[in-house]
Amino acid sequence: MRRILLVCLFATVLAPLGTQAQEATPNHVFQRTEEVLLHLDLLNAANFSETAEIEVPDDPTRPRHVLQTARDVWRKLQLLRYMNGLPTASLDPVPSREVTPSDVKEVMDRILSGVVDLRGAYGVEDEVATPALPEGKTPTDVNANLLRIGAQLDALGVPATVPNDVFQLASTVLMALEDIARHTGTEFNTGSLWPETGRTPANVYQAVHQLIADLKTLSEADPRFAVDGIVDPGQLSGDITPADVMKILSRAMADVQAIRAAAGVEEPAASAPYLGGKTPSDVYFAVKQARAVVAALSGNGGSLF
């Protein structure tokens, strides 16, 4: 049942965003995240559930990274709505252009509406006042709040992220990189790579760090792929879970989409299908294939693998 549910819902996640009548700033988006958190506090209190402490990174973050985090929050919200007998909905694909705070706010407005709609399922009647508009907030601040929202949704019973979820995103990253290679007439060969066995989430996590470093090198070396703000994030401490891999892979996905737009690929990136039965080794192999395509784009095809 989980696979059927996620096949339907993952079509909602990597799915152009409309324009806002008024251009939003990170302050507006942060305000919306604070309002969502207030509603989730009430839902968790009614559910007698406690939110786990999370490690919130302070890495430099662009709106494109925040949008990917928001889309993963959307994925979780749709799962929770399904579990409570409420209708689910999809998001449009990320447009092939620079992402703005208004794009993030559009998703956050939908997240807020979806969370408010859950109040009846938990018997919550208390009103929530809209927080005051803050000052000086950055995309990094917004991203941190989105991670807190994700943790609140987890506490309400959203199923844990599993390798199947991560594999779909890794495959989507690979497909987007292959789009860039085809658009630029770059030959690549991933068919000669050997599948992986025995890999762990920690291995995949390190491979994604390497992928982001590769993307940064590519972007700095070739003006066709020049994108600001590619930063390899700090390392997490403790045991690495599929959810941790999903977070850093979402960051890589944002950077790949930005490079894809810079390269002149006009169509939004397609989402890979959701497949069951995947393991960390399968995810590692998809990331290895993605790194091989980046190597080809860099003119180093075959030198890394």
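Trainee: In which helix is Leu37 found?

Mentor: Leu37 belongs to helix H2, where helices (H or I, at least four residues) and strands (E, at least two) are DSSP runs, numbered from the N terminus. Before we go on, note that this is a predicted model, in which local features need pLDDT of at least 70 and side-chain atom pairs count only at pLDDT 80 or more, while totals for chains, interfaces and linings use all residues. Residues are numbered from 1 along each chain as its sequence is written, and side-chain values use heavy atoms, with hydrogens and water left out.

Trainee: Is Leu37 buried or exposed, and which residues does Leu37 contact?

Mentor: Relative accessible area decides the first point: buried means under 20%, exposed over 50%, and partly exposed in between (1.4 Å probe, protein chains only). Leu37 has 11% relative accessibility and therefore counts as buried. Leaving aside neighbours within four places in sequence, Leu37 is in contact with Asn145, Arg148, Ile149 and Gln152. Leu37 and Leu146 are 109 residues apart in sequence, yet their C-alpha atoms are 9.0 Å apart in space.

Trainee: Where does Gln152 lie, and what does Gln152 touch?

Mentor: Gln152 sits in helix H5, which spans residues 139–155. With a relative accessible area of 8%, Gln152 is buried. Residues up to four places away in sequence not being counted, Gln152 touches Leu37, Leu40, Asp41, Asn44 and Thr51.

Trainee: At what angle do H2 and H5 pack?

Mentor: Such a value comes from axes, which are lines fitted to C-alpha atoms, for helices over the stretch in contact, with angles running from 0 to 180 degrees between N-to-C directions. Angles under 35 degrees count as roughly parallel, over 145 as roughly antiparallel, 65 to 115 as roughly perpendicular and the rest as oblique. H2 and H5 pack at about 20°, with their axes 9 Å apart, and are therefore roughly parallel to each other. Their crossing is left-handed, a term for a near helix turned anticlockwise from the far one by less than a right angle, right-handed being the clockwise case. Among the residues that meet are Leu37, Leu40, Asp41 and Asn44 in H2 and Asn145, Leu146, Ile149 and Gln152 in H5. The residues of this contact divide into 12 nonpolar, five polar and four charged, where Ala, Val, Leu, Ile, Met, Phe, Trp, Tyr, Cys and Pro count as nonpolar, Asp, Glu, Lys and Arg as charged, and the others, Gly among them, as polar.

Trainee: How many degrees is the angle between H2 and H4?

Mentor: H2 and helix H4 (residues 101–116) pack at about 15°, their axes being 9 Å apart, and that makes H2 roughly parallel to H4. H2 passes H4 in a left-handed crossing. Residues of H2 including Val29, Val36, Leu40 and Leu43 meet residues of H4 including Val104, Met108, Ile111 and Leu112. The contact of H2 with H4 divides into 12 nonpolar, three polar and four charged residues.

Trainee: And how do the axes of H7 and H8 cross?

Mentor: The axes of helix H7 (residues 201–221) and helix H8 (residues 242–262) come within 9 Å and cross at roughly 20°, so H7 and H8 are roughly parallel to each other. The residues of this contact divide into 14 nonpolar, one polar and two charged.

Trainee: What phi does Phe48 have?

Mentor: Most residues other than glycine have a negative phi. Phe48 has a positive phi of about 55° although it is not a glycine. Phe48 lies in the loop between helix H2 (26–47) and helix H3 (63–83), and Phe48 is exposed, with a relative accessible area of 78%.

How values were computed
Contact means heavy atoms within 4.5 Å.
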